[in-house]
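Hi,

Here is the structure I promised to pass on to you. Have a look at it first, and then read on for what I found in it.

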Amino acid sequence: MLRVDVVTIFPRMFDPLLAEGVLARGIKSDRIRVEVWDLRDFATDRHRSTDDEAYGGGPGMVMLAEPVFRCVDAICRVDETRRPTVVMTSPQGELFRHETAQRLRADGWVVFLCGRYEGFDERILSVVDLELSLGDFVVSGGELPAMLMIDAISRLVEGVVGNNESVTGDSFFNGLLDYPHYTRPAEIRGLHVPDVLISGHAEKIRLWRKEQSLRRTLARRPDLLAGAELDAESKKILERIKIEE
Ligand code: SAH
């Protein structure tokens, strides 16, 4: 069971994510539990404020620390036998990768803090375990980044994606990019499916896919190959590809 808590001022943004597809199925089958917390419920004033002007001046608003502290405290009280991993979404964080998803899946309980405006008061870092970014760009809020991360982590929960082989065969799972996929028809606009895939020869298909996976990774992401743990067969194929080239 994976437990995810989300802290946001736009809780309804998560409704469609949780209502459809892989996540909805994971929730229905009790493999994942997602709780979305409205940060405004933890505000301390009559107006339910969650942001204020920046010390030092400047145009943007800053998310208040106190409601976040109170909300994280409330989340931690849900289960006092363990501690969640508290993640702050931020363009300044460590890059979210497959390994990050695996780590958070293994942790089993993750809290996502979704910022808005200029981001959070720096002091919330005192309750944060991990600052995670989706890449070198800025979006307007932490909700979309959190959703993407939740989706990626949920796929790693056993049974959430119908066929587990489709997860372990995905890009990055074994350190490589996925091989190319084809479906019917066998010919479209003069474009053909590689013969081997129609041959019905299982062993040849397996080897072709493995080779494609290695070729692509070498061409597009040699950085991944450097870190991948390859079996003897892959090493042989790779040597042959390199000689060919
Ligand atoms: N002033 C901040 C950006 C704030 S954007 C800065 O320049 O660093 C508002 C919020 O959107 C952030 O608090 C964070 O929650 C989210 N966010 C924006 N870009 C992101 C990214 N690349 N990855 C993860 N979260 C991001």
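An oxygen atom of the ligand is 3.0 Å from a polar backbone atom of G115. A polar backbone atom of S90 lies 3.3 Å from a nitrogen atom of the ligand, and a backbone N or O atom of G141 is 3.5 Å from an oxygen atom of the ligand. On its own, the ligand would expose 560 Å², and the protein buries 87% of that. Do keep in mind that this is a predicted model, with every value computed from it.

Where does the ligand sit? You will find it in the largest pocket. There are 20 residues around the ligand, and those that come nearest are T89, Q92, G115, E118 and F137. Strands β5 (85-95) and β7 (130-133) each supply at least two residues of this shell. The largest share, 4 residues, comes from β5.

Now for another spot, V161. This residue lies in the loop between α5 (143-154) and α6 (164-168). Is V161 buried or exposed? Its relative accessibility is 9%, so V161 counts as buried, the cut-off for buried being under 20%.

Which residues does V161 touch? Leaving aside neighbours within four places in sequence, V161 is in contact with V22, R155, S166 and V167.

Enjoy exploring it!

Best wishes

Key:
Residues are numbered from 1 along each chain as its sequence is written. This is a predicted model: local features need pLDDT of at least 70, side-chain atom pairs count only at pLDDT 80 or more; totals for chains, interfaces and linings use all residues. Side-chain values use heavy atoms; hydrogens and water are left out. Buried means under 20% relative accessible area, exposed over 50%, partly exposed in between (1.4 Å probe, protein chains only). Contact means heavy atoms within 4.5 Å. A residue is near a molecule or strand if one of its heavy atoms lies within 4 Å of it. A polar contact is a pair of N or O atoms within 3.5 Å; within protein, one must be able to donate a hydrogen and the other to accept it, and residues adjacent in sequence count only if both atoms are side-chain atoms. Accessible areas come from the Shrake-Rupley method with a 1.4 Å probe; for residues, only the protein chains shown count as cover. On a 1 Å grid over the protein atoms alone, a cavity is a set of points where a 1.4 Å probe fits but cannot get out, and a pocket is an open set with protein on both sides within 12 Å along at least five of seven lines; lining residues have an atom within 4 Å of a point. A molecule sits in a cavity or pocket if more than half of its atoms lie within 2 Å of its grid points.
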